[in-house]
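Me: I am new to this structure. Could you walk me through how to read it, one feature at a time?

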Amino acid sequence: MHWFLLILLLAGLYLLFNHNKWTYDWKCDHCNTIFEISWLTNRISPKRPPNMKLLRCPACHRISWAKEVKRIGNY
Ligand SMILES: [Zn+2]
């Protein structure tokens with residue numbers, strides 16, 4: 001069953017890698033608040049090319065097509 005553990009490990013690393021790659025935030029279309037989303041939200045939210053995503057803003061609680069913005073600083 002070693003192959004199974006290996007696949008689990010690779011899947012975990014894949015998720016971790018993807019999570020770290022998301023170094024951008026989202027800007028609310030209504031109030032211009034810049035906010036982060038979790039990887040799960042990123043997975044389930046509908047996306048519109050090239051860089052829009054349907055998200056609920058944590059500041060004004062309205063759902064809008066938020067625009068992707070590059071995060072300042074890197075980590
Ligand atoms: Zn807002």
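**Reading the contacts and the core**

Reply: Leaving aside neighbours within four places in sequence, Arg56 is in contact with His61 and Ile63. Two residues are in contact if their C-beta atoms, placed from the backbone, lie within 7 Å. Keep in mind that this is a predicted model: local features need pLDDT of at least 70, side-chain atom pairs count only at pLDDT 80 or more, and totals for chains, interfaces and linings use all residues. Residues are numbered from 1 along each chain as its sequence is written.

Me: Where is Arg56 placed, and why does Arg56 count as buried, exposed or partly exposed?

Reply: Count C-beta atoms, placed from the backbone, within 10 Å of the residue's own: 20 or more others make it buried, 12 or fewer exposed, and anything in between partly exposed. Arg56 counts as partly exposed because it has 15 such neighbours inside 10 Å. Its place is in strand β4. The C-alpha atoms of Arg56 and Ile37 are separated by 9.7 Å, and the two are 19 residues apart along the chain.

Me: How many helices and strands are there in the protein?

Reply: Helices (H or I, at least four residues) and strands (E, at least two) are DSSP runs, numbered from the N terminus. Here there are two helices and five strands. Along the sequence the pattern reads α-β-β-α-β-β-β.

Me: Which residues form the largest nonpolar core?

Reply: A nonpolar core is a set of buried Ala, Val, Leu, Ile, Met, Phe, Trp, Tyr and Cys residues, joined through C-beta atoms within 7 Å. The largest one has five residues: Trp26, Cys28, Leu55, Cys57 and Ala66. Take Leu55. Beyond four places in sequence, Leu55 is in contact with Trp26, Ile37, Ser45, Ile63 and Ala66. Of the 75 residues of the protein, 7% count as buried.

Me: Which residues other than glycine have a positive phi?

Reply: Asn32 is one, with phi of about 65°. Asn32 sits in the loop between β1 (24-27) and β2 (34-35). Asn32 counts as exposed because it has 11 C-beta neighbours inside 10 Å. His61 is another, with phi near 60°. The loop between β4 and β5 (63-70) holds His61. With 10 C-beta neighbours inside 10 Å, His61 counts as exposed.

Me: Which residues does a cis peptide bond join?

Reply: Look at omega. The bond joining Pro49 and Pro50 is cis, with omega about 0°. Pro50 is found in the loop between β3 (47-48) and β4 (52-56).
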